[in-house]
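Take a look at the model, then read on.

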Amino acid sequence: MLRILTFVLPLALWVWAFIDCLTTPEDEVKHLPKVVWVIIVLLFPLVGSIAWLVAGKQRGALRTAPAGGDGADGPAYAPRRDGRPVAPDDNPEFLASLKKHNNEHEDMLKQWEADLRRRENELRGKDDPDEGRRG
């Protein structure tokens, strides 16, 4: 059993580090270019894997938060003081932007309804031209 663990654990670490190295975006790789890290992990499975996990990638609070939303109002969530992102439903700026968009949509809907009423009244007036003469 111990022989299997001494073979399987380093192999699993090597495969995991290799896949992690390949799938990591270039801007999150530290100290060396990504291609060099891939070669190091491939040529030196145990040492390269440990080096990649320790020094090769930005992890945790060092990462920059991806921008969400449509870009006009900023990110959909803002980082907290400890660097971790805040969920959108806990972010007052995001909720305020939703309210602003909701108000804009309500105003647009009111304009469309008023335009529709005006057009309906115009069409009703054109459909009955004799109505004004009878009275």
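In which helix is the place of Ile50? Ile50 sits in helix α3. The model is a predicted one. Ile50 is partly exposed, because its relative accessible area is 43%.

## The overall layout

The protein chain has five helices and zero strands. Along the sequence, the pattern reads α-α-α-α-α. The chain holds 135 residues, and buried residues make up 16% of them. Now take the contacts in the chain with a separation of 6 or more: residues 24 or more positions apart account for 41% of these.

## Helix α1 against helix α3

Helix α1 covers residues 2-23, and helix α3 covers residues 45-56. The axes of α1 and α3 come within 9 Å. They cross at roughly 50°. The crossing of α1 and α3 is left-handed.

Which residues meet here, in α1 and in α3? From α1 come Pro10, Leu13, Trp14, Trp16, Ala17, Asp20 and Cys21. From α3 come Pro45, Leu46, Ser49, Ile50, Trp52 and Leu53. Both Trp14 and Ile50 are therefore part of this contact, since heavy atoms within 4.5 Å define it. By class, the contact of α1 with α3 has eleven nonpolar residues, one polar and one charged.

## Helix α1 against helix α2

Helix α2 covers residues 34-43. The axes of α1 and α2 come within 10 Å and cross at roughly 170°. Angles over 145 degrees count as roughly antiparallel. That is why α1 is roughly antiparallel to α2.

On the α1 side, the contact is made by Trp14, Ala17, Phe18, Cys21, Leu22 and Thr23. On the α2 side, it is made by Lys34, Trp37, Val38, Val41 and Leu42. The residues of the contact of α1 with α2 divide into nine nonpolar, one polar and one charged. Trp14, Ala17 and Cys21 are listed for the contact with α2, and they are listed for the contact with α3 too.

A loop runs between α1 and α2, and His31 has its place there. What is the phi of His31 near? The value is near 70°, which is positive in a residue other than glycine. His31 counts as exposed, because its relative accessibility is 67%.

## Salt bridges in helix α4

How many salt bridges does the count come to? The count is four. Helix α4 covers residues 92-127.

| Salt bridge | N to O distance |
|---|---|
| Arg117 and Glu113 | 4.0 Å |
| Arg119 and Asp115 | 3.2 Å |
| Arg118 and Glu122 | 2.9 Å |

Spacing along the helix comes next. Arg117 and Glu113 lie four residues apart in α4, about one turn of the helix. Arg119 and Asp115 are separated by about one helical turn, because they are four residues apart in α4. Arg118 and Glu122 also lie four residues apart in α4, about one turn of the helix.

Are these side chains buried, partly exposed or exposed? Arg117 counts as partly exposed because its relative accessibility is 49%. Arg119 is partly exposed at 47%, and Asp115 is partly exposed at 26%. Arg118 is partly exposed, with a relative accessible area of 40%. Glu122 is partly exposed, with a relative accessible area of 40%.

Which residues are linked in a network of salt bridges? They are Asp115, Arg118, Arg119 and Glu122.

Notes. Residues are numbered from 1 along each chain as its sequence is written. This is a predicted model: local features need pLDDT of at least 70, side-chain atom pairs count only at pLDDT 80 or more; totals for chains, interfaces and linings use all residues. Side-chain values use heavy atoms; hydrogens and water are left out. Axes are lines fitted to C-alpha atoms, for helices over the stretch in contact, and angles run from 0 to 180 degrees between N-to-C directions. Helices (H or I, at least four residues) and strands (E, at least two) are DSSP runs, numbered from the N terminus. A crossing is left-handed if the near helix is turned anticlockwise from the far one by less than a right angle, and right-handed if clockwise. Ala, Val, Leu, Ile, Met, Phe, Trp, Tyr, Cys and Pro count as nonpolar, Asp, Glu, Lys and Arg as charged, and the others, Gly among them, as polar. A salt bridge is a side-chain nitrogen of Lys or Arg within 4 Å of a carboxyl oxygen of Asp or Glu. Buried means under 20% relative accessible area, exposed over 50%, partly exposed in between (1.4 Å probe, protein chains only). Angles under 35 degrees count as roughly parallel, over 145 as roughly antiparallel, 65 to 115 as roughly perpendicular and the rest as oblique.
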